[in-house]
Amino acid sequence: MNRAAVLTGLGSTVPDRVVTNEMLAARMDTSDQWITSRTGIRERRVVEPGTATSDLATEAGRRALKSAGVDSVDALVLATTTPDHPCPATGPTVADRLGLGTVPAYDVAAVCSGFLYALATAAGLIALGTADRVLVIGAEAFTTIIDPDDRTTAPIFGDGAGAVVLEAGDESQRGALLGFDLGSDGALADLIIVPAGGSRRKTSADAGDHFMKMQGKTVFTNAVRRMASSSRSALARTGWGPGDVDWLVGHQANVRILRAVADELGLPEERAFVNLAKYGNTAAASIPLALDDAASAGLITAGDRVLLTAFGGGASWGAVTLEWPDLPRN
Ligand code: COA
């Protein structure tokens, strides 16, 4: 039987600077009413100039290690869309700053699905016996790729980081990652894209090409469809029905998306955890940030059956199930 990856620690962090909807409305053609009613977002956290993804990732990682009561791991996997530099990966920098020595450390890029992809690769390292303990971080200084004057993206995104520790164990243990489902559709690559800065177009005279563009409406419908179908596959692999789920912790993109996914699965809306009013969409950071918020608030408790699901750029999507472990409160 495969060795299971068991969640044993959790932590998160957000930058101090709060940008409210009113602050955005003062500088662009939008309103608190529009943003709140269309997305559920009321404010977001934004990094100060000079703060990078590794700064947030290191702090979230430190908190997750403390929560697990450990100070070493065998590998680090960092999910991010906003690495400190195009080259090298940011994972090794974070491992070094956490004093983790020369362990394998690398980045996973799957935008808003990144954390679930990172969990899957970490679970793979554990299943193979390559690692007994892995630190998995989702971290984003996402606002660094957002045009602060673009009303179609600036209200949506924010910065933050969350992390978990996974340890080798067995499937019967609380915290074991159970049924995974992952998928992608590259035909939809243009839905969420930073046109310049990669090998296709390294630089652009138009500074706006270095900011993310999003086809919001199409993203919305695909997000609902894929998060619901991926959730169904993960549930089927686990042997659970939707009625077994205590908490749906979906990628925090839009409250209407989360409610629609719950609805498609036949779950009451209250089972969908929502914290995006405070943080907006923090891409790869959103699921661990939501888990830490929900657990710290005492909402998700030991033994709860939890379903995680996400959709993001690529397009990419995924879902995974677990029974919530007994973790010390942060
Ligand atoms: N303030 C005020 N009006 C705005 C606005 C803003 N910030 N942004 C767009 N609008 C306007 C549009 O110009 C449009 O006006 P028009 O009807 O005169 O053309 C109108 O509001 C509706 O715009 P539309 O883009 O169709 O709105 P929407 O209901 O689809 O909501 C999003 C837009 C972005 C909130 C929504 O599509 C969404 O959440 N998509 C998913 C995004 C996402 O989660 N991405 C992350 C990857 S998972």
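Modeller: Happy to! The structure holds 3 aromatic pairs; here, rings of Phe, Tyr and Trp (its six-membered ring) pair if their centres lie within 6.5 Å, and planes under 30 degrees apart count as stacked, over 60 as edge-to-face and the rest as tilted. One of these pairs joins Trp-247 and Phe-273 edge-to-face, with 6.3 Å centre to centre and 80° between the planes. Trp-247 sits in strand 11 (residues 247-250), while Phe-273 belongs to the loop between helix 7 (255-265) and helix 8 (276-279), so this pair ties together parts that are 26 residues apart in sequence. Helices (H or I, at least four residues) and strands (E, at least two) are DSSP runs, numbered from the N terminus. Trp-247 is buried at a relative accessible area of 15%, and Phe-273 is buried at 7%; buried means under 20% relative accessible area, exposed over 50%, partly exposed in between (1.4 Å probe, protein chains only).

Another pair, Phe-311 with Trp-317, is stacked, at 6.3 Å centre to centre and 5° between the planes. Both of its residues, Phe-311 and Trp-317, are buried.

As for the cysteines, the count comes to 0 disulfides, a disulfide being a pair of cysteine sulfur atoms within 2.5 Å. Cys-87 is exposed at 65% relative accessibility, whereas Cys-112 is buried at 6%.

Please keep in mind that this is a predicted model: local features need pLDDT of at least 70, side-chain atom pairs count only at pLDDT 80 or more, and totals for chains, interfaces and linings use all residues. Residues are numbered from 1 along each chain as its sequence is written, and side-chain values use heavy atoms, with hydrogens and water left out.
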